[in-house]
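Here are some friendly notes to read with the model open beside you.

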Amino acid sequence: MVDELDVLRDQIDEVDQELVALFARRLKLVAGVGEVKSRQGVPIYAPDREASMLAKRRAEAVAQGVPPDLIEDVLRRFMRESYASEKDTGFKCMNPSLGKVVVVGGAGQLGSLFAHLLSLSGYQVCILEKNDWADAESLVADAGLVVVAVPIDQTVAIIGQLPPLPEHCLLVDLTSIKAEPIAAMLAAHSGPVLGLHPMFGPDISSLAKQVIIYSEGRGAGQYEWLLAQMRIWGTRLQPVDAAEHDKAMSLVQALRHFTSFAYGAHLCAEQADLAQLLRLSSPIYRLELAMVGRLFAQDPHLYADIILSSPENLDMIRRYHRHFGELLSQLEAGKREAFVEQFSTVSEFFGDYADTFLKESRNLLAQANDSRHHGDE
């Protein structure tokens, strides 16, 4: 029996080795695709091409008795690696006559990421940090683009301290709030103004499929080139009014970060045994714990700035606290039917999104479970 098992395992090893060789071949082809895209200015992410390719491979998998979800999982992982490798080949420059780019706060994590991407796109990039402020006037004198990438609580003040910019210069900020910085930029500069909010951290391997929100300031025709440049990087651009953006971010960022912080603080206060929780957890709780835990592996000042960036954020947290208390009071009163009724109401609110999220979460949970190594537990 052992000999028979060894024979089958050896055959599986041979197939795996063939797969590795095929993977290496595919990566080389992807590198060639990246070079062509770079020369021609084709975006890294082509959603129609991706959807078409996945549909064909799924159909071929079904025809050969292979689970189509398996093939899609493998290909999506491959595409993520491909997008990451394509960005290293550089990007076509969409505004070669722009002139100098100055990134204020370009030594920071997000600022350095954009400085790097702009450099890969063929622009001359200079960094302006607080120790360089004596040279700020000369640095921005011939700038075609100035990007403000400083902490939230410093953004408006730094914008106000900028020396006069050339009339044609595009002034941009990367802050996670938009109304106040855009107003400050419009007051400080008479030329084109654009507000950006990258919905990702600086540790991403590629901008493919990543969301960048943009809010109009002034001179749309004069910043279309930058939107096109970001599309080439693979980003999904989402236009949103500045005030609407800030309202949405109260839910997407401030409340979400605060609830993660509060749950983590509660685990700390309870002195929970994290190792035991992980051993006993289902995949979904492991994911939830991971999302809470990752918060505490990052800069506390950043999250404090995000949560405290607007009075509206605190109002949102207060409303959440009130609703939480009301629901807890129902449970304390033993009102089981009230809980069920409220659950049904919220289910109707989510509508079709509930089923969509259920399907998406199944994939995430399967991946989370696959990544676990139980060893001798």
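Which side chain does glutamate 50 meet in a salt bridge? Please keep in mind throughout that this is a predicted model.

1. **The glutamate 50 pair.** The partner is lysine 209, and the N to O distance in this salt bridge is 2.9 Å. The two residues sit in distant parts of the chain, 159 residues apart: glutamate 50 belongs to helix α2 (residues 47-63), while lysine 209 is in the loop between β5 and β6. Their surroundings are worth a look too. Glutamate 50 counts as buried because its relative accessible area is 7%, under the 20% cut-off. Lysine 209, at 30% relative accessibility, is partly exposed.

2. Over the whole structure, a search finds 12 salt bridges.

3. **Lysine 209 and its backbone.** While you have lysine 209 on screen, check its phi, which is positive at about 75° although the residue is not a glycine. The loop that holds lysine 209 runs between β5 (193-198) and β6 (211-218).

4. Glutamine 271 is in the loop between α9 (242-269) and α10 (274-280). With 64% relative accessibility, glutamine 271 counts as exposed.

5. **Two further salt bridges.** Aspartate 142 and lysine 100 form a salt bridge in which the closest N and O atoms are 3.1 Å apart. Aspartate 142 is in the loop between α5 (136-140) and β3, and lysine 100 is in strand β1, so this pair ties together parts that lie 42 residues apart in sequence. Aspartate 142 is partly exposed, with a relative accessible area of 45%, whereas lysine 100 is buried, with a value of 11%. Then there is aspartate 173 with lysine 178, whose closest N and O atoms are 3.1 Å apart. Both aspartate 173 and lysine 178 are buried.

6. **Helix α6 and its buried face.** Which residues of helix α6 (residues 152-161) are buried? They are Ile152, Thr155, Ile158 and Ile159. Looking down the axis of α6, you will find these buried residues within an arc of 100°, so they line one face of the helix. Asp153 and Gly160, on the other side of α6, are exposed. The cover over the buried residues of α6 includes β1 (100-104), β3 (143-148), α7 (179-188) and α12 (300-307).

7. **Proline 198.** This residue lies in strand β5. Proline 198 is buried, its relative accessible area being 5%. Leaving aside residues up to four places away in sequence, proline 198 touches Leu110, Phe114, Leu174, Val211 and Ile212.

8. What makes up the nonpolar surface patch of about 690 Å²? Its members are Tyr320, Phe324, Leu328, Leu331, Phe339, Val340 and Phe343. The elements that contribute two or more residues are α13 (311-332) and α14 (336-350). Helix α13 gives the largest share, with four residues, and leucine 331 is found in that helix.

9. UniProt, in an unreviewed entry, lists residues 99-361 as "domain: Prephenate/arogenate dehydrogenase". In the model, that span is 58% helix and 14% strand, and its end C-alpha atoms lie 46 Å apart.

Methods
Residues numbered from 1 in each chain as written. Predicted model: local features only at pLDDT ≥ 70, side-chain atom pairs only at ≥ 80, totals over all residues. Heavy atoms only, no water. UniProt positions renumbered as here; feature names shortened; annotations may be inferred. Buried < 20%, exposed > 50% of the residue type's maximum accessible area, 1.4 Å probe, protein only. Arc of directions from axis to C-beta. Contact = heavy atoms within 4.5 Å. Salt bridge = Lys/Arg side-chain N within 4 Å of Asp/Glu carboxyl O. Patch = residues over 30% accessible without salt bridge, like charges linked within 9 Å, V, L, I, M, F, W, Y side chains within 5 Å. Areas by Shrake-Rupley, 256 points an atom, 1.4 Å probe, with all protein chains shown as cover.
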